[in-house]
Amino acid sequence: QLIPLFVIIGSGGVGASLYLMRLAMFNPDVSWDKKNNPEPWNKMSPSDQYKFYSVNVDYSRLKKDRPDF
């Protein structure tokens with residue numbers, strides 16, 4: 001009777017660890033390479049989707065509203 005509990009807890013742990021790996025690898029706020037790309041958030045265009053889930057935002061239609069540095 002404990003097998004479903006272990007399966008549910010195990011799948012929750014695996015899902016949480018996969019989400020943390022996704023945040024660590026693809027989030028523009030995290031910089032693993034300080035020498036070649038010290039500020040990766042400056043190279044993000046407005047059409048890049050970096051959120052996991054966006055409700056009513058179509059990122060392909062966004063226009064650039066900030067200057068280049």
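My entries below go from the whole chain down to single residues.

**Whole chain.** I am working with a predicted model here. I counted 1 helix and 0 strands in the protein chain. Of its 69 residues, 10% are buried. I looked up the accessible surface next and got about 6500 Å², with carbon and sulfur atoms holding 62% of that. For contacts, I took pairs at least 6 apart in sequence: 13% of these join residues at least 24 apart.

**The annotated span.** I checked UniProt, where an unreviewed entry puts a "transmembrane region" on residues 6-25. In the model, that span is 100% helix and 0% strand. I also noted its end C-alpha atoms, which lie 28 Å apart.

**Around Leu 2.** Where does Leu 2 sit? I found it in the segment before helix H1, which runs 3-26. Is Leu 2 buried or exposed? I put Leu 2 down as exposed, because its relative accessible area is 51% and the cut-off for exposed is over 50%. Leu 2 also belongs to a nonpolar surface patch with Leu 5, Phe 6 and Ile 9.

**Around Ala 24.** I moved on to Ala 24, which is in helix H1. Its relative accessible area is 24%, so I logged Ala 24 as partly exposed; buried would need under 20%. Which residues does Ala 24 touch, leaving out those up to four places away in sequence? I wrote down Val 30 and Trp 32.

How values were computed
Residues numbered from 1 in each chain as written. Predicted model: local features only at pLDDT ≥ 70, side-chain atom pairs only at ≥ 80, totals over all residues. Heavy atoms only, no water. UniProt positions renumbered as here; feature names shortened; annotations may be inferred. Helix = DSSP H or I, 4+ residues; strand = E, 2+ residues; numbered from the N terminus. Patch = residues over 30% accessible without salt bridge, like charges linked within 9 Å, V, L, I, M, F, W, Y side chains within 5 Å. Areas by Shrake-Rupley, 256 points an atom, 1.4 Å probe, with all protein chains shown as cover. Salt bridge = Lys/Arg side-chain N within 4 Å of Asp/Glu carboxyl O. Buried < 20%, exposed > 50% of the residue type's maximum accessible area, 1.4 Å probe, protein only. Contact = heavy atoms within 4.5 Å.
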